[in-house]
Amino acid sequence: MNSVALFFTGALVAGGIYWFLCVLGPAERKGKRALDLSGGSISAEKVQDKYKQYWSFFRRPKEIETAEKVPDFVDTFYNLVTDIYEWGWGQSFHFSPSIRGKSHRDATRLHEEMAVDLIQVKPGQKILDVGCGVGGPMRAIASHSRANVVGITINEYQVKRARDHNRKAGLDALCEVVCGNFLQMPFDDNTFDGAYSIEATCHAPNLEEVYAEIYRVLKPGSLYVSYEWVTTDKFNAQDEEHVEVIQGIERGDALPGLRAYSDIAQAAKKVGFQIVKEKDLAAPPAQPWWTRLKMGRLAYWRNHVVVQILSAVGVAPKGTVDVHEMLFKTADFLSRGGETEIFSPMHMILCRKPMS
């Protein structure tokens, strides 16, 4: 082979490797490159230890059933997974029903916009995003409604990421992000004109506690909508496969324990909310929400190879491979939960705080 052919062959191989490692990655929207994967606020040398600490919570299950332990548990989880979520999924850390003729990105946006439409806010009003992550839903909702959105997340790294994204999107005037515990929110009573949570309050050890806080900070007459993770009426606690799936979802998503669908309205009523509407948005005739997980298996495999290579050469922190493998296995449990219809990540409840 002559020198010219060697040069072009080498350039092609190098370009392919660069594309595979640095360009290919985010499922929906570029926000994080493979070369930038980190452990969030955790220093690189401690990622593997923190991963082991995360799993140690499940050896002491009673500790993740108390409000005192949950913040550390959830904060550790999101330090470990935030970059991988952004890189491999996008900036909205939640599911949505598939919509024929629509991309996953569009289906996600419509799912988010429906939340703010349900709480009937007007431009300029102030609303709360409970468990905002890196702010994907917040930005979609602010753009759609022109409301002022305040998000709260327990994770400092997510606050930084959300603020960066808000600024780049030109929405920092409408979007504010606060680091805090949604069980003890740093807001005055009767502050917000509306509130929503999208697959976030599942991290609370006691749903009544977080609902009570949301109730406290809402103005009288305001609406709150939540998309909750639940077991459905098809879940059988005596079925070993059902239990395996639900426990796999809990372990892989930092959940103190999944709630039954029948617990949601009961918790809301106990803290004073009036129930306006309740519906499982995953139930037929809705299109399956888990198809994106199944269609993404090749992407998961590809990304896992990327993570292994980057970890081997010291670019990604030690422990990143373990975290990615955990999420890969969790995706399978989620898909099985969706296919068997024993699990829903979008049991919607719309509540109103009474005027008096």
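Visitor: What covers the buried residues of helix 5?

Guide: In this predicted model, the cover over the buried residues of helix 5 includes helix 4 (104-118), strand 1 (126-130), strand 2 (148-153), helix 6 (156-168), strand 3 (175-179) and strand 4.

Visitor: What makes helix 5 mostly covered?

Guide: Helix 5 spans residues 136-145, and eight of its ten residues are buried, a term that asks for under 20% relative accessible area. The buried residues are G136, P137, M138, R139, A140, I141, A142 and S145. Helix 5 is followed by R146, which has a positive phi near 60 degrees.

Visitor: Why are helix 3 and helix 12 called roughly perpendicular?

Guide: Helix 3 (residues 70-88) and helix 12 (residues 320-339) pack at an angle of about 75 degrees, with their axes 10 Å apart. The range for roughly perpendicular runs from 65 to 115 degrees, and the two helices are therefore given that description. In their contact, F77, L80, V81, I84, Y85 and W87 of helix 3 meet T320, V323, H324, M326 and L327 of helix 12, and by class these comprise nine nonpolar, two polar and no charged residues.

Visitor: Why does T201 count as buried?

Guide: T201 has a relative accessibility of 0%, and the cut-off for buried is under 20%, so T201 counts as buried. T201 lies in the loop between strand 4 (192-198) and helix 7 (207-217), and, leaving out residues up to four places away in sequence, touches V130, F182, L207, V210, Y224, S226, E228 and R259.

Visitor: What makes the pairing of the T201 and E228 side chains a polar contact?

Guide: The contact joining the side chains of T201 and E228 is 2.5 Å, and a polar contact requires a pair of N or O atoms within 3.5 Å.

Visitor: How do you know whether N190 and E199 are buried or partly exposed?

Guide: N190, in the loop between strand 3 and strand 4, has 40% relative accessibility and so counts as partly exposed, since that term covers values between the 20% and 50% limits. E199, in the loop between strand 4 and helix 7, has a relative accessible area of 6% and is therefore buried. As for the backbone, N190 has a positive phi of about 55 degrees although it is not a glycine, and E199 also has a positive phi of about 55 degrees without being a glycine.

Visitor: Which residues have the most contacts inside the largest nonpolar core?

Guide: That core has 46 residues, and those with the most contacts inside it are I127, V225, W229, I249, W289, L293 and F343. A second, separate core of 29 residues includes Y215, V217, V271 and F273.

Notes:
Residues numbered from 1 in each chain as written. Predicted model: local features only at pLDDT ≥ 70, side-chain atom pairs only at ≥ 80, totals over all residues. Heavy atoms only, no water. Axes fitted to C-alpha atoms, helices over the stretch in contact; angles between N-to-C directions. Helix = DSSP H or I, 4+ residues; strand = E, 2+ residues; numbered from the N terminus. Parallel < 35°, antiparallel > 145°, perpendicular 65-115°, else oblique. Contact = heavy atoms within 4.5 Å. Nonpolar A, V, L, I, M, F, W, Y, C, P; charged D, E, K, R; others polar. Buried < 20%, exposed > 50% of the residue type's maximum accessible area, 1.4 Å probe, protein only. Polar contact = N/O pair within 3.5 Å; in protein donor to acceptor, adjacent residues only side chain to side chain. Core = buried A, V, L, I, M, F, W, Y, C linked by side-chain atoms within 4.5 Å.
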